[in-house]
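Let's take a friendly walk through this protein, from its backbone to its sheet and its core. Keep the picture at hand as you read.

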Amino acid sequence: VNGTVTFTLTEGAGTLYGITSVEAVNGVANFSGSGMTIDKSGYKTITATASNLSLPITLPPMSATILLRAGPAVALEFETQPASVAQKGVPFSPQPVVTIVDANHNIVEMIAPTVITLSVTNGSAALQGQV
C-alpha cells in the first residue's frame with residue numbers, strides 16, 4: 001500500500017516542527033532523520049494519519065502519548081515580574097517569581113537545590129528578604 005503518512009500534535013501545548021509527512025512505499029513510511037521536534041515540554045499526544053492510499057481502504061488514525069522533558073538550563077526568567085513601584089520597607093506586591101528555563105522557555109526541573117540571587121541594577125536601594 002502506498003500513500004502519505006502525516007504526524008500532527010493533537011493534544012498538549014507547543015508546535016510540531018520538522019518533516020511531518022512522508023510517502024509510504026509498500027506499506028512503510030520511514031521518518032528516520034526527519035528531525036521532528038516539539039518546542040514545549042510536558043505530555044503530548046501525537047497522531048499519525050494515512051491519506052492518498054493506493055488501495056480503496058480507510059485506515060483509522062493511530063495516536064501515542066509521550067512526555068517531553070525540558071532541555072538544559074540556559075537562562076533565568078521572571079514568571080511574575082515585581083511591581084514597578086514599591087514602598088521602602090514594604091514587601092513587593094506581587095512578589096517576584098523567577099524560573100530557570102531552557103532555550104525554548106520551558107521550566108527546567110532542578111535536581112539539587114539552586115540558589116538564585118536578585119539584585120537592584122538601577123538605583124541605590126538594597127533588597128531584603130529571602131525565599
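Asn52 counts as exposed because its relative accessibility is 63% (exposed means over 50%, buried under 20%, and partly exposed in between, with a 1.4 Å probe and protein chains only). This is a predicted model, where local features need pLDDT of at least 70, side-chain atom pairs count only at pLDDT 80 or more, and totals for chains, interfaces and linings use all residues. Residues are numbered from 1 along each chain as its sequence is written, and side-chain values use heavy atoms, leaving out hydrogens and water.

Most residues other than glycine have a negative phi, and most peptide bonds are trans. Here are some backbone spots to look up:

| Spot | Backbone value |
|---|---|
| Asn52 | positive phi, about 50 degrees |
| His105 | positive phi, near 70 degrees |
| Ser93 to Pro94 | cis, omega near 5 degrees |

Asn52 sits in the loop between strand E5 (42-51) and strand E6 (62-68); strands are DSSP runs of at least two residues, numbered from the N terminus.

Which order do the 4 strands of the open sheet follow? The order is E3-E1-E5-E6, with antiparallel pairing; two strands pair if DSSP finds at least two bridges between them. Strand E3 (21-24) and E6 are at the edges with a single partner strand each, so one side of each has no neighbour in the sheet. E5 and E6 pair over 7 bridges.

Now for the core. Val5, Val22, Ala24, Phe31 and Ala48 form the largest nonpolar core, meaning a set of buried Ala, Val, Leu, Ile, Met, Phe, Trp, Tyr and Cys residues joined through side-chain atoms within 4.5 Å.
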